[in-house]
Amino acid sequence: MQKTFDKRITNQLKVLAMAMMVMHHLWNQNGLERYEDFGLDTFLGMGVLKISLLCKICVGIYMFVAGYGLMSTFENGKFKLIYRLKKVLFPFWFLMLVCIPFLFIWHDYTLSDILSNATLLSCSINGSWWFMQTYVIFVCLFTLFAILVKKRKAYSLLLLALSIICFQQLGSWVRPYSESIHYILHYFPLLYVGILSQHYKIFDRLQKYSILQKIGISLLLILPRLITGYSITNIGLIVFMILWLIEFQSYIPKTINKSVDFLAVVSMNMWLVH
């Protein structure tokens with residue numbers, strides 16, 4: 001089996017991110033406080049909360065995979081903006097159509113609310129739909145990023161440095177004024193590193209190293225996250241996950257892969273309704 005970052009790895013990452021999303025929401029402090037006897041001040045309670053916080057990386061995984069996948073289709077000459085938008089928005093609109101009767105019956109939403117959410121101008125119906133809004137904006141701007149990476153190497157690497165150093169901090173400052181701009185700035189570095197990883201074939205290059213060398217690289221990837229706790233260092237954790245998913249593909253049973261492939265297809269819909 002060829003060791004590379006392919007569709008199967010992408011599906012596994014989507015399902016892993018979906019599981020992390022569930023753990024993040026159910027195991028956070030608000031979720032666990034529903035269970036009075038759990039004991040948040042115990043070693044187990046604190047451990048579960050730490051895992052919940054770490055699982056917030058699920059959004060970063062989706063963004064990294066999105067950047068990698070979009071760049072792959074672009075370099076193969078298959079990227080079509082309208083097709084990409086339809087592929088994302090049609091399931092979203094179908095979900096809204098299914099939910100609309102219940103929104104009118106059990107909530108006080110108006111037609112204006114429905115339309116503003118359907119066009120992604122608002123996320124008032126479901127706060128988690130900010131992800132769809134951010135992703136669609138990234139898809140619309142993607143061609144600019146791809147051309148920059150392919151034709152302006154120096155500028156593309158300068159953008160990488162700026163995004164890693166200051167975009168998330170800028171996003172935090174902007175958040176009181178615009179949630180949309182906050183999310184764009186916060187998650188752009190992960191999308192962009194995914195784009196660059198595909199363009200420079202980073203994971204194919206990593207496969208040339210020995211197991212011991214990969215272990216050393218892994219330590220360099222995960223230690224910044226463990227030491228600093230900065231969310232930007234999640235990039236290293238994601239690269240670490242992909243590196244070892246590729247390494248252990250031959251040990252994953254076919255039955256598990258079939259289940260993963262099915263769950264990956266519906267992962268976006270599950271994200272939208274969570």
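Among contacts in the protein chain between residues at least 6 apart in sequence, what percentage join residues at least 24 apart?

**View 1. Overview of the protein chain in the predicted model.** Of the contacts between residues at least 6 apart in sequence, 71% join residues at least 24 apart. The secondary structure comprises 13 helices and 0 strands, and 45% of the 274 residues in the protein chain are buried. The mean pLDDT of the protein chain is 86, with 89% of the residues scoring at least 70. Among the elements of the chain, helix α2 (residues 29–32) has the lowest mean pLDDT, 54, whereas helix α9 (residues 179–199) has the highest, 95.

**View 2. The packing of helix α1 (residues 7–26) with helix α4 (residues 57–75).** The axes of these two helices come within 8 Å and cross at roughly 160 degrees; an angle over 145 degrees counts as roughly antiparallel, and α1 and α4 are therefore described as roughly antiparallel to each other. The crossing in which α1 passes α4 is left-handed. On the α1 side the contact is formed by Thr 10, Leu 13, Lys 14, Ala 17, Met 18, Met 20 and Met 21, which meet Ile 57, Cys 58, Ile 61, Tyr 62 and Val 65 of α4. By class, the residues of this contact divide into 10 nonpolar, 1 polar and 1 charged.

**View 3. Thr 10 within helix α1.** Thr 10 has a relative accessible area of 13% and is buried, because buried means under 20% relative accessible area. When its neighbours within four places in sequence are left aside, Thr 10 is in contact with Phe 5 and Val 65, and Val 65 is also among the α4 residues that take part in the contact with α1.

**View 4. The packing of helix α4 with helix α9.** The axes of α4 and α9 lie 7 Å apart, and the two helices pack at an angle of about 40 degrees; α4 and α9 are therefore oblique to each other. Their crossing is right-handed. The α4 residues in this contact include Val 59, Gly 60, Met 63, Phe 64 and Tyr 68, and those of α9 include Tyr 187, Leu 190, Leu 191, Val 193 and His 199. By class, the contact has 11 nonpolar, 7 polar and 1 charged residues.

View 5. Phe 138 is buried, with a relative accessible area of 1%. Apart from its neighbours within four places in sequence, Phe 138 is in contact with Met 63, Phe 145, Ile 184, Tyr 187, Phe 188 and Leu 191. Among these partners, Met 63, Tyr 187 and Leu 191 also take part in the contact between α4 and α9. The C-alpha atoms of Phe 138 and Ile 184 are separated by 8.0 Å, although the two residues are 46 residues apart along the chain.

**View 6. Positive phi values at Leu 120 and Lys 201.** Most residues other than glycine have a negative phi. Leu 120, in the loop between α6 (111–118) and α7, has a positive phi near 65 degrees, and with a relative accessibility of 8% this leucine counts as buried. Lys 201, in the loop between α9 and α10 (202–206), has a positive phi of about 50 degrees, and at 33% relative accessibility this lysine counts as partly exposed.

Technical notes: Residues numbered from 1 in each chain as written. Predicted model: local features only at pLDDT ≥ 70, side-chain atom pairs only at ≥ 80, totals over all residues. Heavy atoms only, no water. Axes fitted to C-alpha atoms, helices over the stretch in contact; angles between N-to-C directions. Helix = DSSP H or I, 4+ residues; strand = E, 2+ residues; numbered from the N terminus. Parallel < 35°, antiparallel > 145°, perpendicular 65-115°, else oblique. Left-handed = near helix turned anticlockwise from the far one by under 90°. Contact = heavy atoms within 4.5 Å. Nonpolar A, V, L, I, M, F, W, Y, C, P; charged D, E, K, R; others polar. pLDDT = per-residue confidence, 0-100. Buried < 20%, exposed > 50% of the residue type's maximum accessible area, 1.4 Å probe, protein only.
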